[in-house]
Amino acid sequence: MSQAQPPLLVVEEVWVNRPGAEVLRGVNLEMWPGEVHVLLGLNGSGKTSLAYTLMGCAGYRPTRGRILFDGQDITSLSIADRARLGITLAWQEPACFEGLRAGDYLALGMREPSRKRVEAALQAVALSPAAYIGRPVNHALSGGERKRIELAAVYGMRPRLAILDEPDSGIDVLGVEEVAALIRRMAEAGTAVLLITHRDEMAAAADRASLICGGTIIHTGDPDEVREYFASRCRPHEEALGAQPWGPEAGGTYRRVVSEGVCDE
Amino acid sequence: MSSRPSPASATSLLGQRDPAWAREFEAILRAYEEAGGKLTALQSERIASAVISGNRVLAVNEIPGVHIETEELPAGVHARIVVDPGARVEYPVHLCFGMVPAEGLQEILSEFEIGEEAEVGFLAHCTFPNALDLRHVMEAHIRIGPGATMRYAEGHYHGPHGGIQVLPTTHVTVEKDGRFENEFSLVHGRVGRLQLRLEVDVAARGVAELSTKAYGFDDDVIRVEEIVRLNGPDARGLTKTRVAVRDRAVSEVYTTAEGNAPGARGHMDCTEIVRGEAAARNVPVVVVRDDLARVTHEAAIGSVSRKELETLMARGLSEEEAVDIIIRGMLG
């Protein structure tokens, strides 16, 4: 990653409304090619909403602000158009496809699909091509297997920006190391990776980190520093309500109170 | 009832028989291939087969253990297929039904008798490639003997125009320990008007598995009615229906499962995808007459899952491409 070159992704003061909630409130973020950028935050703080907004999912069109990708304003582009520019997303809960085989699913996103590339993508997530290439991506697969196939699909696309929403959840302990290695490999190939995770060991492997709270990125910096900031100042909502030091009446300050969390400023 | 020349000899005799027969035979074989059939199967002496065009039986091939008798009727054909008790038929029996002309009526009356402990598969292709105003009526009676297994896969191709009515009615009796697996598929070309009715009576420990797939568009009409009566103890039944409709097409799926004996287990699973101005209806009926029987159902009707759609679009597919892949995947 080199910040000497212009950023690949620039998110400028992006606001997103969902029915009954303002899920993003003036998000600012920059990412460079080859950067692994981890996004930390409590449940409901806006991590997945930011992921969906960057991908252009239905219902996540910004009401204010803009998103620039490689200098191009993509704020109003469709998901498919963004994907064709090199942006993709690995969902936290991957979709199931009745009748669609893993090999065909992986090939769909490849610019020049071939059996060799499909096999390489499966091997990159430690799945045996012989065992998985012909298996339908359906409910017969475990959640962990679907996660790995989802990651293989992203890896096989060779994207310029990969948004990975908790790629490590539901994956066994050994698998977490493999996912971390895959992310590093993608970054070394020039892919910018926005990684949403709750695992310290995954966050530690990032180049930079941002902390999102109440729909706003409140701190960006070195991963260790941001993790420390996160660990020391963020509390679940229930605890925050009961713990006076976190409440304004006790003289404390807080930045946001959202449905499930409070971050002290 | 009579037997006809085998397809193997018939193809080699194309030039020697009357030209009208040869033309019709060639045309129906071409249509058979378009519908996904394999000509090599019809040409093999080791594979039992029958080729029927309109009311003409163009070719029949019998093999040991499989007997095919046919009779030409004014508007169709009466066929009786008997599989000997204990026969293990290595290759599926290939059946080709169809009509090459654009207009007309074809009535197929068929009987299948699967002997005790026999095991046999059927691969049927029904093809009407030029249909503009055509009616295909089929009435089938199937008896699967004790301990016997019959697998019947039927693929349809109705051409691009939609000017066809296909009205098949089938009644199946599965005797004790017998097994019936049925796959009906109409997912390429237009449907026209399909009215499919399939009734199965299952005796003790028997099994019936029915799979139906159809894809309708323009003003196609799909009506599927499946009834499974689990009459014997520990009988099993499963219906799996997958229908997609778009434009102004209409789909109606009526499935009934009856648990009439102790230990009977039935399940009905229906998914219908609707696009554009199309409409779909699913009416599952569950009947249980024994307190040790259990019948369940699940149904989903609606548009393509948003998540599936967005996942494929995030791989670079347009919305239309993504919808097509999801539907094709569902319809197999």
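Good morning. This is a predicted model, in which local features need pLDDT of at least 70, side-chain atom pairs count only at pLDDT 80 or more, and totals for chains, interfaces and linings use all residues. Residues are numbered from 1 along each chain as its sequence is written, while chains are lettered from A and ligands numbered from 1 in the order in which they are written.

Helices (H or I, at least four residues) and strands (E, at least two) are DSSP runs, numbered from the N terminus. Two strands pair if DSSP finds at least two bridges between them. Strand β9 (residues 208-213) of chain A pairs with β10(A) in the antiparallel sense, over five bridges.

Both belong to an open sheet of six strands in chain A, with mixed pairing and the order β6-β7-β8-β3-β9-β10. Its edge strands, each pairing on one side only, are β6 (87-90) and β10 (216-221) of chain A.

Helix α6 (residues 143-157) of chain A packs on this sheet and touches β6 and β7 (161-165) of chain A. Contact here means C-beta atoms, placed from the backbone, within 7 Å. Helix α7 (residues 173-188) of chain A lies across β3 (36-40), β7 and β8 (192-196) of chain A.

In chain B, 19 residues are in contact with 19 residues of chain A. On that side of chain B, α4(B) gives the most, with seven residues.

Note on methods: Two residues are in contact if their C-beta atoms, placed from the backbone, lie within 7 Å. Axes are lines fitted to C-alpha atoms, for helices over the stretch in contact, and angles run from 0 to 180 degrees between N-to-C directions.
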